[in-house]
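Subject: Structure for you to look at

Hello,

Here is the structure I promised. Please open it beside this email and follow along.

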Amino acid sequence: MDVLLIGGSSDLMNAVLNKLNKEGHRSYVLTGSRNVRESYKNVYEKYNFPYDCDCLKEIFDSVNPDVILFTGAYDSNFSWEDPRRESVQFLAGLQNVMSTFATMKKGRLIYLSSQEVYSNSYPNHISEDLQTSAISLRGMTYVQGEDICRNYHQTMGLDTVALRLDHLYSVPYKERLQGERLRDNVCAQMCVEALRTGKIQANSHKMFSLLHQDDAVEFIYQIIRAEQTMHSLYHISSEQAVTEMELAQMVQKEMGKNAQIVNNTVGSEFRVILSAKLFADEFGMKIFHNYEESVAEMAKHIKRHSNEYMQDTDIGKGAAGRIKQNIYHIVRALVPFLENVVCFLPFFMLHNRAVDSAYFAKLDFYLLYVLLFAIIHGQQQATFSAVLATAGYCFRQSYTRSGLEILLDYNTYVWVAQLFILGLVVGYMKDQLAAMKGENQQEMQYLTGQLDDIQDINTSNVRLKNVLEVQIVNQNDSFGKIYEITSSLDQYDPSEVLFYAAEILSRLVGSKDVAIYSVANRSYARLFSSTSKKARELGNSIEYTSYEDMYRDLKEHRVFINKNMDEKYPLMANAIYSEEEMQLILMIWGIPWERMTLSQANMLVVIGYLIQNAVVRANRYIEALENQRYIEGTKIMETEAFSNLVEAYLRARNKNLTECTILRIDVQENRQEEAAVALTKLMRQSDYIGKLSDGNLYALLSNTEHKDADFVIRRFDKAGYKSWVKEGTEL
């Protein structure tokens with residue numbers, strides 16, 4: 001799947017990119033600015049263009065995305081320092097994106113909004129059908145963005161979805177404090193405020209719900225991968241209510257006793273908590289991050305990097321730190337002037353000596369002095385040095401002439417004008433060269449950033465090239481190779497197909513732990529074949545409906561991926577259906593985390609269909625010969641059919657694909673039919689009764705070890721029939 005993300009660099013953007021990369025999708029980014037220095041990780045291609053540019057259609061045509069994610073309320077390109085100007089830019093950019101998206105006539109556009117569209121207090125959780133109440137220009141802008149998406153959805157039938165995230169929060173890394181707008185992250189704001197000022201402002205009447213960024217990314221991804229959505233607007237929230245005072249107390253506990261809570265409780269209760277029921281009913285929802293652990297993690301990070309978050313004027317730095325910083329700034333500003341004064345003294349002395357010298361009378365040391373500082377420091381210091389030189393000149397002339405004579409002397413003004421003109425011109429040239437150097441450095445930084453982007457893109461290309469090379473050279477993952485391998489099932493006896501299907505599935509997915517369960521009814525499934533002890537750990541018979549997370553995906557014809565690494569679930573599972581009835585469940589363990597991707601899931605679906613074809617052909621063959629397999633009017637299998645079945649099970653057991661036990665039943669030949677009727681009721685549907693070449697009656701217990709067969713032997717004994725275990729070599 002190709003996904004185009006629209007927005008500036010941020011932690012949320014990087015988290016979504018990382019998620020898409022893990023799931024095997026190809027990501028593109030429209031940065032929204034031409035001068036972008038940040039490097040985006042796991043991006044296939046980056047486009048440095050503003051949202052309202054004319055070439056947006058060419059970009060969309062080049063990417064041809066299946067899904068477009070407009071980060072909207074969480075776009076770091078908008079700082080909202082000037083709400084009026086940025087509101088115009090925001091809506092103009094979104095309108096351009098929507099109109100271009102309308103020309104594609106494919107894909108889905110997801111718009112991220114926030115809880116800021118509600119400014120009133122609500123006694124209950126806020127549902128999607130409740131009218132918005134934004135007061136701020138920023139909140140009204142988000143509402144207008146939602147209206148734009150909804151209008152395109154209703155009038156043009158476009159697949160647009162707006163997601164309102166409820167008080168999103170995450171660890172505020174120092175390098176993104178400005179872009180992430182710290183004031184939007186309530187939890188992080190309290191931690192940084194406690195560090196900087198030693199105080200935490202809190203209002204016990206203010207109640208809200210926080211949503212961790214990692215949880216939000218998981219829910220956003222569910223919308224990205226969904227084939228279709230029932231609604232065009234969803235609320236995403238943890239629905240866990242917390243007051244500002246309770247959150248402040250958590251922060252105080254983690255930040256230490258030095259942080260004091262300032263109670264700013266005024267007015268009536270203000271409650272804004274979004275209801276996520278609509279989203280949970282359609283997609284399911286599980287929150288993995290709670291407040292206590294997240295606050296502890298955030299406070300620990302901020303305390304560990306306290307110097308990065310604190311400013312020198314903060315109370316936390318202390319009075320000594322602030323004084324030291326102020327002195328540093330003053331000294332730094334005075335250094336060029338002090339240097340100028342110090343250097344003036346030797347030039348003043350040299351000028352006084354040169355005036356009476358026959359050799360140096362024509363040498364102007366003041367002019368050299370002004371040129372020196374113009375070349376080194378520019379116009380400002382050139383002007384200051386010219387003033388000092390003029391004062392020194394007038395002071396030296398006062399030795400032989402009065403002040404009035406100096407002021408009336410034409411040569412004095414010519415010399416001063418020459419000094420200032422030369423100094424200012426050279427200083428101006430110095431400043432211009434410095435400005436050009438600064439611009440060149442900025443351009444160099446920009447080009448370096450582009451080089452980093454090219455390296456990132458090259459990394460993605462190399463990774464893709466390596467995958468394609470492996471696929472071409474080894475042909476393990478190609479559909480042609482998969483079909484060739486699964487087609488080998490046709491060479492086996494119909495009764496052996498499912499045994500070797502597990503072996504072939506293990507080979508194709510690269511896992512030694514594979515199990516195939518045969519569905520017995522709408523609740524239970526029985527183990528048919530497996531490739532290892534690990535694959536049999538769920539048991540010979542399972543109530544698959546009790547595995548809710550897995551069953552939810554299987555009944556929706558989706559591949560189950562154990563993203564939470566829950567030990568009671570396989571890592572991947574897929575169901576094989578026949579006429580809308582679940583027939584088989586394929587379960588896989590022992591897959592590396594990096595291979596639990598959408599690509600692997602799609603390959604499992606293809607393998608499942610090919611295995612299903614082989615199984616259907618085998619079952620139809622067996623059904624066609626049903627009358628020839630059993631002794632007429634009985635449940636006893638014919639000698640030839642039963643012998644073939646026993647041999648198939650024994651061969652599969654020798655290859656560790658299944659477990660089976662064969663019981664010899666002590667019954668006279670004339671009573672075998674009667675015994676078969678009685679004993680069949682005591683056996684499972686997956687067990688068989690038949691005759692071998694010696695004429696005796698036998699029972700084949702599938703997926704049963706010798707020690708587990710004692711239960712069946714006792715059951716037969718109560719029914720009046722003696723039985724005992726027979727080894728394969730004895731048969």
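Start with a definition: strands are DSSP runs of E with at least two residues, numbered from the N terminus. Ser723 sits in one of these, strand 24 (residues 722-726). Bear in mind that this is a predicted model.

Stay with Ser723 for a moment. Is it buried or exposed? Ser723 has a relative accessible area of 11%. Buried means under 20%, so Ser723 is buried. Leaving aside residues up to four places away in sequence, Ser723 touches Leu663, Arg664, Ile665, Ile713 and Phe716.

Now the whole chain. The protein chain has 731 residues, and 47% of them count as buried. The chain holds 23 helices and 24 strands. Take the contacts between residues at least 6 apart in sequence: 69% of these join residues at least 24 apart. The chain exposes about 37700 Å², with carbon and sulfur atoms supplying 52% of that area.

Next, the salt bridges. The structure holds 19. Here are some to find.

- Arg108 and Asp159: their side chains meet at 2.9 Å, N to O. Arg108 is in strand 5 (residues 108-114), while Asp159 is in the loop between helix 4 (137-156) and strand 6 (160-165). The pair links distant parts of the chain, 51 residues apart. Arg108 is buried, at 3% relative accessible area. Asp159 is partly exposed, at 24%.
- Lys206 and Glu244: their side chains meet at 3.9 Å, N to O. Lys206 lies in strand 9 (residues 206-209) and Glu244 in helix 7 (residues 244-255), so this pair ties together parts 38 residues apart in sequence. Lys206 is partly exposed, with a relative accessible area of 34%. Glu244 counts as buried, at 13% relative accessibility.
- Glu23 and Lys19: their side chains meet at 3.2 Å, N to O. Glu23 is buried, and so is Lys19.

Last, the surface. Which residues form a negative patch there? They are Asp214, Glu292, Glu293 and Glu297. Helix 9 (residues 291-304) gives the most to this patch, with three residues. Glu292 lies in helix 9.

There is a nonpolar surface patch too. Ile323, Ile327, Val331 and Val335 make it, and it covers about 340 Å².

Best wishes

Technical notes. Residues numbered from 1 in each chain as written. Predicted model: local features only at pLDDT ≥ 70, side-chain atom pairs only at ≥ 80, totals over all residues. Heavy atoms only, no water. Patch = residues over 30% accessible without salt bridge, like charges linked within 9 Å, V, L, I, M, F, W, Y side chains within 5 Å. Areas by Shrake-Rupley, 256 points an atom, 1.4 Å probe, with all protein chains shown as cover. Salt bridge = Lys/Arg side-chain N within 4 Å of Asp/Glu carboxyl O. Lys, Arg positive; Asp, Glu negative; His and termini not counted. Charge placed at Lys NZ, Arg CZ, Asp CG, Glu CD. Helix = DSSP H or I, 4+ residues; strand = E, 2+ residues; numbered from the N terminus. Buried < 20%, exposed > 50% of the residue type's maximum accessible area, 1.4 Å probe, protein only. Contact = heavy atoms within 4.5 Å.
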